[in-house]
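Please look at the model shown below and follow the report with it in view.

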Amino acid sequence: KSHISVGLLAHVDAGKTTLSEALLYVSGARRTLGRVDHRDAFLDTHDLERSRGITIFSKQALLETDTKAVTLVDTPGHVDFSTEAERIMPILDCAVLVISGTDGIQAHTLTLWRLLEQYRVPVFLFINKIDCCMA
């Protein structure tokens, strides 16, 4: 199998850890679907992350398809921890930039976009929470 590293990046509360949990669950890498609000997200392991409901440290998990081994890297979305997100960019083959449909593009989203451009990381855009916007 070939291997790729995929980073998930977003502004705070866009849903990137929830997306990470869903990808791990659907791929079969996890048997349970963790949730940030239940404080059982697989990639939020530190007590501070669980108590605050935000990602503070970048974490990685492995998921596999028939042809690929994927290292999924979940990064913090809060601007105070953006150095954690930037520090993983040199190892990425591609990134998923998660944008909240309810919040839209935030200043931190633009910062992440510029950093991904600077590090020449190919980017997929994932618009999340659009069910909240479809009224």
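## The nonpolar cores

In this predicted model, the largest nonpolar core has 14 residues, and those touching the most other members are Val6, Leu8, Leu24, Leu72, Val96 and Val98. A nonpolar core is a set of buried Ala, Val, Leu, Ile, Met, Phe, Trp, Tyr and Cys residues joined through side-chain atoms within 4.5 Å, where buried means under 20% relative accessible area, exposed over 50%, and partly exposed in between (1.4 Å probe, protein chains only). At least two residues of this core come from each of strand E1 (2–10), helix H1 (16–26), strand E2 (59–64), strand E3 (68–74) and strand E4 (94–100); helices (H or I, at least four residues) and strands (E, at least two) are DSSP runs, numbered from the N terminus.

Apart from this core lies another, of 12 residues, including Val73, Ala95, Leu115 and Val121. Neighbours within four places in sequence aside, Val6 is in contact (heavy atoms within 4.5 Å) with Val70, Thr71, Leu72, Val73, Leu92, Cys94 and Val96.

## A buried histidine

Helix H4 (residues 107–118) contains His108, which counts as buried because its relative accessibility is 10%. Again leaving aside neighbours within four places in sequence, His108 is in contact with Ala10, His11, Gly77, Val79 and Ser82.

## A partly exposed isoleucine

Strand E5 (residues 123–128) includes Ile127, and this residue counts as partly exposed because its relative accessibility is 43%.

## How to read the values

Residues are numbered from 1 along each chain as its sequence is written, and side-chain values use heavy atoms, with hydrogens and water left out. Because the model is predicted, local features need pLDDT of at least 70 and side-chain atom pairs count only at pLDDT 80 or more, whereas totals for chains, interfaces and linings use all residues.
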